[in-house]
Structure formats: structure tokens, C-alpha cells
Amino acid sequence: MSGAHDEAFAPGDAAAPPMQNGEVVFEAPWQGRVFGMARAMAAAGVFEWDEFRARLIDELATWTPEQPFAYYDHFLHALERVLSERGLVSETALAARLDALARRPPGHDHAHGHDQADRR
Amino acid sequence: MTTDDHEHDLPPQALRAEALESLLIERGLLTADAVDEVIATYNERVGPMNGARVVARAWLDPAFRERLLADGTAAIAEFGFEGGQTEKLVVVENTPEVHNVVVCTLCSCYPWAVLGLPPRWYKDPAYRSRVVREPRRVLEEFGVRLPASTRIRVWDSSAEVRYMVLPQRPVGTEGLGEAELAARVTRDSMIGTALL
């Protein structure tokens, strides 16, 4: 990504918001994975993008100002709901797989890296 | 942000995403390559630079500008850019009289084909609700100060229609070519939350 956006605010500009340009697209690799999963399955016709989008809107509506806003948490829940409603991945199957992954020995090789970046 | 021992301190969502992906791959609903492909497409190949090229051409070529404002979807197809989805692209032009700013109040609809993935703040509930109620104030927080005589128009994106702002060409850029002009165009200027 080019650094061109950084010119939107002069250095030290008191008006510059905490929400700056130049941020990374995904704050953590898992967010890229869930985004990629949803887009890839919609492209492959596993479900309709609009169907997913409707679930996402429902999920986003559950947010209240008292809690931190975590867009991709809602995104992941919406994806789980669509898959469960379509009978493709049940909550039970997901819970079982989660349990299996959580019991892996420490020090195994995580597939997704750890380059979390938070520019805020 | 903690930096100690990330290896054993991944957020629970990361594990959940991994569990979901592994199940989907096993069941033949997904390939890891397809996920990688999407991420690469939106991260690298489709970025704000697509939109910047469109803006630069509109500044240089009045006939293209006309076509772009008349039918954004058709005009970006001249570059080989197609909608990430089936939605229509509407390009709105900033002038000394009118400043345009784009939001999606419902979720995060965004013109992916020309701007890549939305920035984090675009998805933030505060931006989504406040820019409609008090656009001038929100723009000021972005460092955008507009004359009181400039009208602000807020465009709410939807599944059907995505908006992109055609920013005003900066003064002093006469004589620059398309590539040089495109390098001046920032992502936020095409959302309407920055000036050039």
C-alpha cells in the first residue's frame, strides 16, 4: 500500500483523528480469513452474498455502545449463522472442531501468523 | 496491545475462524487457495489505486468525466474494473459549492472494485451514524474544513448502489500526467473524508 494517504493530514495536525489513514486492512490475520471465506463461498455459490449481508446487518444491530465495536466478530457470527441455517456446518460440529483444536499441544505451528497490528 | 507470547495467546476468534475454515475445506465447500485469492485481490490488486486511476483520467479527459458521472459502472468497465458484486457504481463530483461524503449506515457497503477494502473507521458505528447527523463536524475531525457556503451531501450506500467521490483536482497540478495525478489521489478523498 502506498504511503500517499498519509498526506491527508499534516504531521502533528491537532485535528487529525485517532482514525488515521495508513492503517492495515485487517487488524489480525483471522479477520482476513473470515472475510476471504465469506467472499469465496459467495463467489462459488455456496450461499448468496445478499443472504450473508442480511445476516451481517442483523449481527451488527446487536451491538450496543457499552461494548467495544468488533466488526469482524459480528462478521464471523453472521457467517456461522448462514452456514448453520443452510445445514452446512452445525454449531455442534463447529464446537467439536474447536475443542479438538484447543487441545493441540502447545508450540504447534499456527497457520495464520501473529502479525497483529493496531495503529489506533 | 500485548506482545508477549502471542503463540499461545491468539484471540478466541482466531481459533474459531480456523475451526470453521478446516471444516469447510474438509466438506469441499471451500479451498484455502480461494480464501488466499480473495485476500490477495482485495489487499493488493484491488486497492484504492484503481479508484485513483479513474479519478486522474476524469480530471484529464472531459469526455471520460461525463461518462463517469453519467454511468460509473460502465465507465470503470473501460479500465477492466468490474463490480465486486452486481451493484451499481455512482460517482459524485465535488465542486466548490458541494462536498460529497459516502457512508453505509446499515453495514459497510463500499465500492470494492475501485477502493479495495473499507478502512476500519468506515465500519465504525460512530462514523456510520454521526456522519449523517453532523457531517460538517465529523469532517472537521478528519481535518476537512469546508467554507460555510459549501453544501455537504451524504450518500448512503446500499447493496444496490455504491458511491465514489470524484474529488476536486488540486491546484498546481497542471501539466501532470495521468500516473502522476493518480499518485496524488488518496483513498479518503474518494470517500469524501479528505481533501487533496
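A: Helices are DSSP runs of H or I with at least four residues, strands are runs of E with at least two, and both are numbered from the N terminus. Chain B has 10 helices and four strands. Their order from the N terminus is α-α-α-α-α-β-β-α-α-α-β-β-α-α. This is a predicted model, in which local features need pLDDT of at least 70, side-chain atom pairs count only at pLDDT 80 or more, and totals for chains, interfaces and linings use all residues. Residues are numbered from 1 along each chain as its sequence is written, and chains are lettered from A and ligands numbered from 1 in the order in which they are written.

Q: How many helices and strands does chain A have?
A: Chain A has four helices and zero strands, so its elements simply run α-α-α-α.

Q: How is burial read, and what share of each chain counts as buried?
A: A residue is buried if 20 or more other C-beta atoms lie within 10 Å of its own, exposed if 12 or fewer, and partly exposed in between, with C-beta atoms placed from the backbone. In chain B, 43% of the 196 residues count as buried. In chain A, buried residues make up 32% of the 120 residues.

Q: Which single residues show the two ends of that scale?
A: B:P167 is buried, with 25 other C-beta atoms within 10 Å. B:P167 sits in the loop between β4 (161-166) and α9 (178-184) of chain B. B:A74, in helix α5 (residues 72-77) of chain B, is exposed, with 12 other C-beta atoms within 10 Å.

Q: What does B:P167 touch?
A: Two residues are in contact if their C-beta atoms, placed from the backbone, lie within 7 Å. Leaving out residues up to four places away in sequence, B:P167 touches B:V55, B:N94, B:V185, B:S189, B:M190 and B:L196.

Q: What share of the contacts joins residues at least 24 apart in chain B?
A: Among contacts in chain B between residues at least 6 apart in sequence, the share is 69%. For chain A, residues 24 or more positions apart account for 53% of the contacts with a separation of 6 or more.

Q: How do I read the packing of two helices?
A: Two packed helices are described by the angle between their axes and the distance between the axes. Axes are lines fitted to C-alpha atoms, for helices over the stretch in contact, and angles run from 0 to 180 degrees between N-to-C directions. Helix α3 (residues 48-60) and helix α4 (residues 62-70) of chain B pack at about 125°, with their axes 5 Å apart. α3(B) and α4(B) are therefore oblique to each other; angles under 35 degrees count as roughly parallel, over 145 as roughly antiparallel, 65 to 115 as roughly perpendicular and the rest as oblique.

Q: Which residues make the contact of α3(B) with α4(B)?
A: B:V54, B:R57 and B:A58 of α3(B) meet B:F64, B:R65 and B:L68 of α4(B).

Q: Which helices can I compare across the two chains?
A: The axes of helix α1 (residues 29-43) of chain A and helix α1 (residues 12-26) of chain B come within 9 Å and cross at roughly 35°. From α1(A), A:W30, A:R33, A:V34 and A:M37 meet B:Q13, B:A14, B:A17, B:L20, B:E21 and B:L24 of α1(B).
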